[in-house]
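This report describes one protein model for a reader who has not seen it before. The sequence and structure come next, followed by the text.

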Amino acid sequence: MLGCRVDGFTLKEAVELLSCFIASGKPHHVVTLNAEMAYRALHDPELKDIINRADLVTPDGAGVVWATRILGTPVPERVAGIDLVQALAWQAAEKGWRLFLYGGVPGVAEEAARKLKERHPGLNIIGTSHGYLSKEEERELLQHLKENRPHLLLVALGSPKQEYWIAQHLKELGVPVAIGVGGSLDVLAG
Ligand code: UDP
């Protein structure tokens, strides 16, 4: 769509795939693509490249689903970041995956973590951080993530900041799954 790859998995299939990514232990980048992001990528070849090199690109927005229909290669359903996070939380609680939530204004990631743990008592959220860190604080966060290695890193810095951030740091972090989730932490925090 507008030169961006979109993967035609259902939510259930996407969760199964992410489960395999985590089992592999190797770093994977997941993009939840909406129309604004695809449009921006038209004029931003680096962003387009990041999207097309990602390990999974889900159709986050209704516009993306609609466009794939018009283009004659319909995806089976919308796989929004928030739905992916909710579905992954079930699996994470069951399988003992370590989660880290990064992004939003101060307090949002903590509140999102609190709400997620309330809903999924076994969930292992190993940490949270707001998304307005200084360079020094960001270095500390990267060090912390390297040492504590979450299985699943949710990055909510808005697009395209989160896509650039993940692309830049994923390899050094070695996190099996990093997902750009846009405003999902705000939604979870309520
Ligand atoms: N955000 C952040 N750091 C930044 C810019 C944005 O943590 O430097 C957060 C912002 O607080 C919000 C989230 O990114 O929680 C998503 O922002 P927005 O709704 O603008 O992005 P979109 O969902 O449209 O990609």
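In which strand does Thr32 lie? Thr32 is part of strand β1, where strands (E, at least two residues) and helices (H or I, at least four residues) are DSSP runs numbered from the N terminus. The model is predicted: local features need pLDDT of at least 70, side-chain atom pairs count only at pLDDT 80 or more, and totals for chains, interfaces and linings use all residues. Residues are numbered from 1 along each chain as its sequence is written.

Thr32 counts as buried because 29 C-beta neighbours lie inside 10 Å. The term buried requires 20 or more other C-beta atoms within 10 Å of a residue's own; exposed means 12 or fewer, partly exposed lies in between, and C-beta atoms are placed from the backbone. Among the residues that Thr32 touches, leaving out those up to four places away in sequence, are Thr58, Asp60, Leu84 and Val181. Touching, or contact, means that the C-beta atoms of two residues, placed from the backbone, lie within 7 Å. Thr32 and Val181 are 149 residues apart along the chain, yet their C-alpha atoms are separated by 6.7 Å.

Strand β1 belongs to an open sheet of six strands in the order β2-β1-β6-β5-β3-β4, with parallel pairing. Two strands pair if DSSP finds at least two bridges between them. The edge strands, β2 (56-59) and β4 (124-129), each pair on one side only. Two of the pairings are listed below.

| Strand pair | Bridges | Residues standing opposite |
|---|---|---|
| β1 and β2, parallel | four | Thr32 and Thr58 |
| β3 (residues 98-103) and β5 (residues 152-156), parallel | five | Leu99 and Leu152 |

In a regular strand the side chains alternate between the two faces of the sheet. On β2, Leu56 and Thr58 are buried on one side, and Val57 and Pro59 are buried on the other.

Which residues have the most contacts inside the largest nonpolar core? They are Leu101 and Leu154, in a core of 57 residues. Such a core is a set of buried Ala, Val, Leu, Ile, Met, Phe, Trp, Tyr and Cys residues joined through C-beta atoms within 7 Å. Leu101 touches Leu154, and its other contacts include Ala109, Ile125 and Leu185, again without residues up to four places away in sequence.

The model also holds a ligand. Of the 14 residues around the ligand, Gly104, Gly131, Gly158, Ser159 and Gly182 come nearest, where near means a C-beta atom, placed from the backbone, within 6 Å.
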